[in-house]
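Have the model open as you read.

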Amino acid sequence: RESKQRLWLTQQAEKELRKKYQINLVGEPSPVWLGVPIIDSSNGEAIGVLALQDYKDEKAYNEEDLQTLEIIASNAGLLIERIKNQEKLKLAKIVAEESEKRYKSLFYDNKSVMIIVDHKTAYIVDANKSACDYYGYSYEQIRTLKIQQINTLPEEEIKVEMQKSLNEIKQHFHFKHKLANGEIKDVEVY
């Protein structure tokens, strides 16, 4: 396992290895033993051994058998890696879903007015209930608006301010926003 090499042991070679490494035999000795490491391809570590042995005939296996065993061990390693990756993906999906639930709760259930604006199109892509109540629009209506329909600044100035936010030059703004009923309110935007 440590050498990550295939091993073809006859009974004589096995005796020499047991003596050299002080290995205690468990069970009946076999005249021939083939072993191939199962390698985790993600890190190159041996994670197991695929072995064949015959208890009667030292010539029961040949080079072709050993090559076949290597192919099977390689496929087993890939299968194990695939299963591990699937488990990682399942866990990542669960973590992402939990994170999304927390985000939705923090966003939608928040008492602060919150809207999300697509910086490329200037459309309001999401809003929480507090924003809908504050601006006087239904959820469906507010998501059809561009920020220019709420912010009283000229469109070009809004783009400049949005770019400042994107570039993290400025993160706190004071604007005048127009509500659905036409009333103008001073707002702070973060």
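## Terms and basis

Buried means under 20% relative accessible area, exposed means over 50%, and partly exposed lies in between (1.4 Å probe, protein chains only). Gly48 is buried by this rule, because its relative accessible area is 15%. Gly48 sits in strand E3 (residues 45–54). Helices (H or I, at least four residues) and strands (E, at least two) are DSSP runs, numbered from the N terminus. Gly48 and Val160 are 112 residues apart in sequence and 61 Å apart in space, C-alpha to C-alpha.

This is a predicted model: local features need pLDDT of at least 70, side-chain atom pairs count only at pLDDT 80 or more, and totals for chains, interfaces and linings use all residues. Residues are numbered from 1 along each chain as its sequence is written, and side-chain values use heavy atoms, with hydrogens and water left out.

## Largest pocket

The largest pocket has a volume of about 690 Å³. Its lining has 23 residues, and the closest to the centre are Ile115, Val117, Ile147, Val189 and Tyr190. Elements giving two or more residues to this lining are strand E4 (115–117), helix H3 (129–135), helix H5 (155–166), strand E6 (173–178) and strand E7 (184–189). H5 provides the largest share, five residues. By class, the lining of the largest pocket has 17 nonpolar, four polar and two charged residues.

A pocket is an open set of points on a 1 Å grid over the protein atoms alone, where a 1.4 Å probe fits, with protein on both sides within 12 Å along at least five of seven lines; lining residues have an atom within 4 Å of a point. Volume is the space filled by probe spheres set on the points, which are joined across faces, edges and corners. Ala, Val, Leu, Ile, Met, Phe, Trp, Tyr, Cys and Pro count as nonpolar, Asp, Glu, Lys and Arg as charged, and the others, Gly among them, as polar.

## Second largest pocket

The second largest pocket has a volume of about 410 Å³. Of its 16 lining residues, Leu9, Glu14, Arg18, Ile23 and Trp33 are the closest to its centre. Strand E1 (7–10) and helix H1 (11–21) each supply at least two lining residues. H1 gives the most, with four. The lining of the second largest pocket divides into ten nonpolar, three polar and three charged residues.

## Salt bridges

The structure holds 13 salt bridges (a side-chain nitrogen of Lys or Arg within 4 Å of a carboxyl oxygen of Asp or Glu). One of them joins Arg6 and Glu63 (2.7 Å, N to O). This pair links distant parts of the chain: Arg6 is in the segment before E1 and Glu63 in helix H2, 57 residues apart. Arg6, Glu63 and Glu70 are linked in a network of salt bridges.

Asp40 pairs with Lys84, with the closest N and O atoms 3.2 Å apart. Asp40 is in strand E2 (residues 32–40) and Lys84 in helix H2, 44 residues apart. Asp40 is buried at 5%, whereas Lys84 is partly exposed at 37%. Lys159 and Glu155 also form a salt bridge (3.8 Å, N to O). They are four residues apart in helix H5, so about one helical turn separates them.

## Positive phi

Ala122 is not a glycine, yet has a positive phi of about 70 degrees. Ala122 lies in the loop between E4 and strand E5 (124–127) and is buried at 8%. Glu168, also not a glycine, has a positive phi of about 60 degrees. Glu168 lies in the loop between H5 and E6 and is exposed at 65%.
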